[in-house]
Amino acid sequence: MFSRAAIRTLAAPSSRLFSSSSARQTKVAVLGAGGGIGQPLSLLLKNDPLVTSLSLYDIRGAPGVAADVGHVDTGSEVQGYTADQLDEALEGAKVIVIPAGVPRKPGMTRDDLFNTNASIVRDLAAAVARVAPTACVLVISNPVNSTVPIVAATLEKAGVFDPKRVFGVTTLDVVRAARFLAGITDASPADTRVTVIGGHSGATIVPLLSQSSYGKTVTGEAYEKIVNRIQFGGDEVVKAKDGAGSATLSMAYAGAKFANAVLRGLNGEKGVITPTFVKSPLFADKGVDFFSSNVELGPNGVEKIHPIGKLSAEEEKLLEACIPELKKNIEKGKAFVA
Ligand SMILES: NC(=O)c1ccc[n+]([C@@H]2O[C@H](COP(=O)([O-])OP(=O)(O)OC[C@H]3O[C@@H](n4cnc5c(N)ncnc54)[C@H](O)[C@@H]3O)[C@@H](O)[C@H]2O)c1
Ligand SMILES: O=C(O)C[C@H](O)C(=O)O
């Protein structure tokens with residue numbers, strides 16, 4: 001049915017999504033694995049050659065997802081855990097991805113999710129502090145601008161916070177920016193990478209189009225439009241899903257891509273650089289001590305936080321609008337734990 005070459009192609013791991021360095025391999029845990037993001041994310045992680053063991057936890061449905069994903073013919077072992085098995089799920093995990101929590105419905109902001117998701121994320125972080133205190137924690141649950149400070153403050157309270165190992169996953173903004181820019185320039189998304197800084201909601205999302213060779217050709221109304229689309233891409237999906245949730249498939253792709261970058265860094269690969277929302281000195285003097293910017297990943301997590309570089313006048317204005325909102329979101333997260 002298939003030629004030898006075709007069989008080889010089918011068996012090869014996806015080179016588009018995952019890059020693989022020679023592997024010191026790793027146990028990865030997904031908390032919220034039964035959800036809209038958790039399921040496809042688990043499938044994609046099963047296909048990542050850097051993952052040796054996949055631990056799937058949710059308050060409902062994870063054993064079923066694990067049984068299903070576990071039949072995929074890649075090398076990693078998969079185990080599912082029920083609501084009362086969180087500690088077992090975290091045992092030995094080096095990377096922990098958290099998409100647990102409720103998604104938006106039309107008309108809601110990400111901040112409207114705070115009341116439900118803050119305590120979910122805090123309780124998961126407390127378990128991480130207890131069982132896997134040196135793991136890298138990748139936070140997807142919204143509102144990311146507040147949930148990352150919640151995770152950091154919870155780990156800090158337990159005396160195990162390492163700013164190099166807590167990440168807000170803002171990769172979907174980067175993925176969207178590349179896709180949308182490719183759409184209006186007819187270039188390949190591989191050539192339209194855009195650094196996106198700030199946070200992960202509306203005005204706190206600041207795309208630096210001026211730093212991209214294709215991006216800087218976009219001006220006037222087209223510029224206003226694409227910035228708005230990158231900042232509010234999430235709303236587009238929420239509206240189209242019409243009450244059935246928010247981005248899950250593109251988020252799973254983005255989450256797997258970022259997890260692979262972290263794994264490559266942990267494996268000692270050099271030059272792994274991507275935007276992510278971390279404890280950062282860049283705008284600490286303005287009271288914003290978590291910020292997304294290009295970060296080099298390495299064997300300990302964050303290796304180096306890159307400066308934001310030169311901004312256009314429009315980007316300076318976007319940044320001005322970002323800072324006060326981000327500050328409010330971060331303070332809300334910290335206050336919740338304090
Ligand atoms: N960072 C981003 O770019 C980004 C993108 C999309 C969605 N999100 C966010 O990700 C979160 C999840 O979205 P979704 O569409 O997968 O939602 P979903 O409702 O489909 O899935 C959430 C899962 O979390 C589980 N869960 C709830 N409480 C839990 C707990 N205490 N421990 C473990 N699991 C728990 C639920 O059982 C469910 O399976 C939302 O907060 C959403 O806003 C973030
Ligand atoms: O929009 C949302 O609520 C989900 C996510 O943050 C997104 O950007 O798609």
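The buried residues of helix H7 pack against S7, S8, H8, H9, H10 and strand S9 (272–283). Contact here means heavy atoms within 4.5 Å. The model is predicted: local features need pLDDT of at least 70, side-chain atom pairs count only at pLDDT 80 or more, and totals for chains, interfaces and linings use all residues. Residues are numbered from 1 along each chain as its sequence is written, chains are lettered from A and ligands numbered from 1 in the order in which they are written, and side-chain values use heavy atoms, with hydrogens and water left out. Helices (H or I, at least four residues) and strands (E, at least two) are DSSP runs, numbered from the N terminus.

Stay with H7. It is mostly covered, with 11 of its 15 residues buried. Buried means under 20% relative accessible area, exposed means over 50%, and partly exposed lies in between (1.4 Å probe, protein chains only). The buried residues are Thr171, Leu172, Asp173, Val174, Val175, Arg176, Ala177, Ala178, Phe180, Leu181 and Ala182. The length of H7 agrees with expectation, because its 15 residues should span 21 Å at 1.5 Å a residue and its end C-alpha atoms are 21 Å apart. The expected span is 1.5 Å times one less than the number of residues.

What follows H7? Asp186 does, and its phi is positive, near 65°. Asp186 is not a glycine. Most residues other than glycine have a negative phi, and most peptide bonds are trans. Asp186 sits in the loop between H7 and strand S7 (196–198). At 76% relative accessibility, Asp186 counts as exposed.

Now turn to H8, residues 220–231. This helix has 12 residues and reaches 17 Å from first C-alpha to last, close to the 16 Å expected. Tyr223, Ile226, Val227, Ile230 and Gln231 of H8 are buried. Why do they lie on the same side of H8? They do so because they cover an arc of only 135° around the axis. The arc is that of the directions from the helix axis to the C-beta atoms. Glu221, Glu224 and Lys225 are exposed on the other side of H8. The cover over the buried residues of H8 includes helix H7 (171–185), strand S8 (205–207), helix H9 (233–241) and helix H11 (313–337).

H9 holds Glu236. Glu236 is partly exposed, with a relative accessible area of 38%. The loop between H9 and helix H10 (249–266) contains Asp242. Asp242 has a positive phi of about 50° although it is not a glycine. Asp242 is exposed, with a relative accessible area of 65%.

Thr248 lies in the loop between H9 and H10. Is Thr248 buried or exposed? Thr248 is buried, with a relative accessible area of 18%. Not counting residues up to four places away in sequence, Thr248 touches Gly36, Ile37, Pro40 and Lys241.

Helix H10 contains Ala256. At 0% relative accessibility, Ala256 counts as buried. Leaving aside neighbours within four places in sequence, Ala256 is in contact with Leu17, Phe18, Leu41, Leu44 and Leu45. Ala256 and Thr171 are 85 residues apart in sequence and 9.6 Å apart in space, C-alpha to C-alpha.

The next stop is a helix pair. Two packed helices are described by the angle between their axes and the distance between the axes. Helix H5 (residues 114–131) and helix H6 (residues 144–157) pack at about 35°, with axes 9 Å apart. Axes are lines fitted to C-alpha atoms, for helices over the stretch in contact, and angles run from 0 to 180 degrees between N-to-C directions. H5 contributes Phe114, Ala118, Val121, Arg122, Ala125, Ala126, Val128 and Ala129 to the contact. H6 contributes Ser146, Thr147, Ile150, Val151, Thr154 and Leu155.

The buried residues of H5 include Phe114, Asn117, Leu124 and Val131. The 18 residues of H5 should span 26 Å at 1.5 Å a residue, and its end C-alpha atoms are 25 Å apart, which agrees.

Pro143 lies in the loop between strand S5 (136–139) and H6.
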